[in-house]
Amino acid sequence: MLRVLLAWVFHSFSETCSAGPGSLIDFVLSPDFASVYEDKWLYFPSGLSNSFVHPLTEVELRVLAKVSGKNAHLVKFYKDGEQFVPADVAGTARHYLSEGVMVVINSMETADPATDQFAKELSKTLGLQIEVNLYATPPQTVGIDAHHDRMDVIILQISGTKRWLICDPIGAARDLPVRSSDTPGHALYNRYQLESLDYSNCKNVTMFTGDLLYLPRGTIHAPATEDSASVHLTVGLLSAYTWQDVAQALLMTQSINRNLYQKLVSCLSQRDL
């Protein structure tokens with residue numbers, strides 16, 4: 001449905017679109033995005049104009065300066081691949097950026113006006129809920145281990161550089177997964193050992209400031225920094241609904257009773273839960 005809508009939107013706006021994307025909205029209205037949506041990943045070097053990137057420069061410092069007890073749960077810290085919780089998040093967040101610690105800030109659209117503005121514009125354009133997370137990574141650091149996401153994402157490189165190993169989906173991830181699990185052995189487990197990947201179906205991409213990368217859900221990726229620190233935004237497109245969501249809506253509106261709801265859910269596959 002959304003793929004058809006994107007094709008129509010592009011046709012309607014094609015006369016006014018620039019030759020190359022300058023903003024995130026330009027990108028999602030481009031034929032490039034319409035042609036790969038939910039199908040294959042796309043790397044767009046220099047896809048973001050300076051006028052789009054500049055208001056987001058050092059956004060991590062501005063947000064961390066405002067961290068308080070109310071929103072401290074949105075900030076996460078990783079050292080040598082392991083998450084840890086400092087005693088005083090608000091008092092030490094900025095310090096950690098220079099101490100080899102990766103800082104993740106979730107729900108950036110609730111914490112930064114510039115992020116909130118483009119997230120609202122994107123949501124209005126696509127008709128989807130938008131979620132934006134920030135990753136500030138020091139040099140020579142492996143970010144999150146190889147994994148796939150349960151939502152389509154668009155990566156915006158705000159500063160520095162970052163190398164991405166990108167691999168085609170394998171197993172259940174080929175079916176555009178809408179649920180995932182961090183539990184090893186689970187049918188929806190979304191983590192991978194690098195040695196288990198088929199590198200003939202993988203490519204390395206190094207992103208620089210202003211670059212843009214689209215990854216359909218299920219696409220395996222493993223980010224890491226080299227000699228430069230990196231700040232990027234991951235823009236999640238929350239477009240996936242399952243048959244369980246439909247059954248839940250029917251139950252909440254009292255269109256079906258709980259017994260029928262439970263019978264419906266018992267018939268669903270893992271992907272639809």
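## Cysteines and the disulfide

Cysteine 202 is buried, because its relative accessible area of 12% falls under the 20% cut-off. Its setting comes from a predicted model. Cysteine 167 also counts as buried, at 2% relative accessibility. Cysteine 267 is another matter. With a relative accessible area of 68%, cysteine 267 is exposed, since exposed means over 50%.

Which cysteine is joined to cysteine 167 by a disulfide? The partner is cysteine 202, with an S to S distance of 2.0 Å. The chain's disulfide count comes to one. The link between cysteine 167 and cysteine 202 is right-handed, with 105° about the S-S bond. Cysteine 167 sits in strand S7, residues 162–167, and cysteine 202 in strand S8, residues 202–207, so the bond ties together parts that lie 35 residues apart in sequence.

## The eight-stranded sheet

Eight strands form an open sheet. Read across, the order is S1-S9-S6-S11-S5-S4-S2-S3. The pairing is antiparallel. Where does the sheet end on each side? Its edge strands are S1, residues 42–44, and S3, residues 82–84. Each of these two pairs on one side only. On average, neighbouring strands of the sheet are turned by 20° against each other, direction ignored.

One pairing can be followed in detail. Strand S6 covers residues 152–160, and strand S9 covers residues 212–215. These two strands pair in the antiparallel sense over four bridges. Which residue of S9 is the bridge partner of valine 153? The partner is leucine 215.

## A helix across the strands

Helix H7 spans residues 113–126. This helix lies across three strands: S5 (129–137), S6 and S11 (230–238). Against S5, helix H7 runs at about 140°. In the sheet order, S6, S11 and S5 follow one another.

## The chain as a whole

The protein chain contains nine helices and eleven strands. It has 273 residues, and 46% of them are buried. Cysteine 167 and cysteine 202 belong to that buried group.

How much of the contact pattern joins residues at least 24 apart in sequence? Among contacts between residues at least 6 apart, the share is 82%. The accessible surface of the protein chain comes to about 14,200 Å². Carbon and sulfur atoms account for 52% of that surface.

Definitions and conventions:
Residues numbered from 1 in each chain as written. Predicted model: local features only at pLDDT ≥ 70, side-chain atom pairs only at ≥ 80, totals over all residues. Heavy atoms only, no water. Pairing = 2+ DSSP bridges. Axes fitted to C-alpha atoms, helices over the stretch in contact; angles between N-to-C directions. Contact = heavy atoms within 4.5 Å. Disulfide = S-S within 2.5 Å. Buried < 20%, exposed > 50% of the residue type's maximum accessible area, 1.4 Å probe, protein only. Areas by Shrake-Rupley, 256 points an atom, 1.4 Å probe, with all protein chains shown as cover.
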